[in-house]
Amino acid sequence: MLKIKIAKMSCEHCAHRIEQGLQSIAGVKKATVDFTTKIATITCKKDIDVNLLTTKISDLGYEVVSVEED
Ligand SMILES: [Cu+2]
């Protein structure tokens with residue numbers, strides 16, 4: 001499981017957009033984004049390229065603060 005801290009979300013809708021974006025990536029089984037804590041929790045294949053996840057978040061207009069493996 002990965003936890004990604006994200007900046008620049010302004011509402012619940014942003015969190016939902018990021019969830020949808022992350023879930024569209026191959027290898028991602030589940031993605032949830034908590035708007036209150038600003039943390040995305042991602043269940044994915046162990047060998048996933050984390051850059052795919054962080055690039056997707058940036059492409060959507062948000063900022064990756066940190067990535068933590070859990
Ligand atoms: Cu928003």
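How do S1 and S4 pair, and over how many bridges? They pair in the antiparallel sense, over six bridges. The model is predicted: local features need pLDDT of at least 70, side-chain atom pairs count only at pLDDT 80 or more, and totals for chains, interfaces and linings use all residues. Residues are numbered from 1 along each chain as its sequence is written.

**Overall architecture**

- The chain contains two helices and four strands; these are DSSP runs numbered from the N terminus, with helices (H or I) of at least four residues and strands (E) of at least two.
- In sequence order the elements follow the pattern β-α-β-β-α-β.
- The radius of gyration of the chain is 11 Å, close to the 11 Å that the globule rule gives for 70 residues, so the chain is as compact as a globular protein of that length. This radius is taken over C-alpha atoms, and the rule is 2.2 Å times the number of residues to the power 0.38.
- The C-alpha trace spans about 30 × 20 × 15 Å along its principal axes.
- Among contacts with a separation of 6 or more, 62% join residues 24 or more positions apart; two residues are in contact if their C-beta atoms, placed from the backbone, lie within 7 Å.

**The sheet**

- The four strands form an open sheet in the order S2-S3-S1-S4, with antiparallel pairing; two strands pair if DSSP finds at least two bridges between them.
- Strand S2 (28-34) and strand S4 (63-69) stand at the edges with a single partner strand each, so one side of each lacks a neighbour in the sheet.
- Neighbouring strands are turned by 20° against each other on average, direction ignored; axes are lines fitted to C-alpha atoms, for helices over the stretch in contact, and angles run from 0 to 180 degrees between N-to-C directions.
- S2 and strand S3 (residues 39-44) are joined by six bridges in the antiparallel sense, and valine 33 stands opposite alanine 40 in S3.
- In S4, valine 64 is the bridge partner of isoleucine 6.

**Helices against the sheet**

- Helix H1 (residues 12-23) lies across strand S1 (2-7), S2 and S3, and runs at about 170° to S2.
- Helix H2 (residues 50-59) lies across S1, S3 and S4, and runs at about 155° to S4.

**Core and burial**

- Of the 70 residues, 20% count as buried; a residue is buried if 20 or more other C-beta atoms, placed from the backbone, lie within 10 Å of its own, exposed if 12 or fewer, and partly exposed in between.
- The largest nonpolar core has 14 residues, of which Ile4, Ile6, Ile18, Leu22, Ala40, Ile42 and Ile57 touch the most other members. Such a core is a set of buried Ala, Val, Leu, Ile, Met, Phe, Trp, Tyr and Cys residues joined through C-beta atoms within 7 Å.
- S1, H1, S2, S3 and H2 are the elements that give two or more residues to this core.
- Leaving aside neighbours within four places in sequence, alanine 40 is in contact with Ile4, Ile6, Ile18, Leu22, Ala31 and Val33.
- Zero of the seven residues of S4 are buried, so this strand lies largely in the open.

**Two exposed positions**

- Cysteine 11 sits in the loop between S1 and H1 and counts as exposed because it has 9 C-beta neighbours inside 10 Å.
- Aspartate 59, in helix H2, also counts as exposed, with 9 C-beta neighbours inside 10 Å. Its C-alpha atom is 9.6 Å from that of glycine 21, 38 residues apart along the chain.
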